[in-house]
Amino acid sequence: LYIVNTNLPSITVKPNLDINYTVRGTNVAGCATSSTVSIFVLCNGANVFIPNTFSPNGDGANDVFYVRGTGLFTIKQIRIFNRWGEEIYEKNNINANDVTAAWDGTLKGQKLPGDVYVYMIEVQCDNNATLLYKGNIALVR
């Protein structure tokens, strides 16, 4: 299960749940041995990156705000609020690293001013663990 590459003598696996693999080997003389390897899939935030600043100035660098990471199944919800608590952006069930679902610093097509905004993000990992994030994002104009 979850075997990605079987180019012997090494095998690459990419499980999304904790799993045990048993490896068996036999030499040319017929001597055999086996060993079990346990793989523990973690979803503890180390695989998630949420930037704290972006500058939607059209220069092609850091123009949008989105969640990045590996081993992430989906961003269940992302919500962004202004300093008065008004929700200015919401997306549900999007993929991590999806630039097309990113916030571009606008509300209803209008550019918002440079300011600090608050986000709430719910991430679901491949192993079905859910992580909740709350923090600030600086929009720089």
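## Close-up views of an all-strand chain

**View A. Asn-47 touches Leu-42, Arg-68, Gly-69, Thr-70, Gly-71, Leu-72 and Cys-125, leaving out residues up to four places away in sequence.** Contact here means heavy atoms within 4.5 Å. Please keep in mind that this is a predicted model, in which local features need pLDDT of at least 70, side-chain atom pairs count only at pLDDT 80 or more, and totals for chains, interfaces and linings use all residues. Residues are numbered from 1 along each chain as its sequence is written, and side-chain values use heavy atoms, with hydrogens and water left out. Asn-47 sits in the loop between β4 (32-39) and β5 (48-49); strands (E, at least two residues) and helices (H or I, at least four) are DSSP runs, numbered from the N terminus. With a relative accessible area of 17%, Asn-47 is buried, because buried means under 20% relative accessible area, while exposed is over 50% and partly exposed lies in between (1.4 Å probe, protein chains only). A polar atom of the Asn-47 side chain lies 2.8 Å from the backbone oxygen of Thr-70.

**View B. Gly-69 belongs to strand β7 (residues 68-69).** Gly-69 and Val-123 are 54 residues apart along the chain, and their C-alpha atoms are separated by 10 Å.

**View C. Five strands make an open sheet of mixed pairing, in the order β6-β13-β12-β8-β9.** The edge strands are β6 (53-54) and β9, each of which pairs on one side only. Two strands are said to pair if DSSP finds at least two bridges between them. In general, strands of a sheet pair through backbone hydrogen bonds, either parallel or antiparallel.

**View D. Strand β12 (residues 115-125) pairs with β8 (residues 72-81) and with β13 (residues 130-139).** The β8 pairing is antiparallel over 8 bridges, and Thr-74 stands opposite Gln-124 of β12. Towards β13, the pairing is antiparallel over 10 bridges, and Val-118 has Asn-136 as its bridge partner. Between β12 and β13 the hairpin has 4 residues, and Asn-128 there takes a positive phi near 70 degrees.

**View E. The hairpin of β8 and β9 has 5 residues between its strands.** These two strands run antiparallel and are joined by 6 bridges; Ile-75 stands opposite Ile-94 in β9. In the turn, Gly-85 has a positive phi of about 85 degrees. Asn-82 is found in the loop between β8 and β9 and counts as buried, at 11% relative accessibility. Its side chain makes a polar contact of 2.6 Å with that of Glu-86 (a pair of N or O atoms within 3.5 Å; within protein, one must be able to donate a hydrogen and the other to accept it, and residues adjacent in sequence count only if both atoms are side-chain atoms). Setting aside residues up to four places away in sequence, Asn-82 touches Ile-88 and Tyr-117. Thr-12 is 70 residues from Asn-82 in sequence and 45 Å away in space, C-alpha to C-alpha.

**View F. The largest nonpolar core has 26 residues, and Phe-65, Trp-103 and Ile-121 have the most contacts inside it.** β8, β9 (87-94), β12 and β13 are the elements that give two or more residues to this core, and the largest share, 5 residues, comes from β12. Such a core is a set of buried Ala, Val, Leu, Ile, Met, Phe, Trp, Tyr and Cys residues joined through side-chain atoms within 4.5 Å. Not counting residues up to four places away in sequence, Phe-65 touches Ile-50, Pro-51, Phe-54, Ile-78, Ile-80, Ala-102, Trp-103, Tyr-119, Ile-121 and Ile-137.

**View G. For orientation, the protein chain has 13 strands and 0 helices.** Its radius of gyration is 21 Å, whereas a compact globule of 141 residues would have one near 14 Å (taken over C-alpha atoms; the globule rule is 2.2 Å times the number of residues to the power 0.38). The C-alpha atoms fill a box of roughly 75 × 30 × 20 Å along the principal axes. Buried residues make up 33% of the 141 residues.
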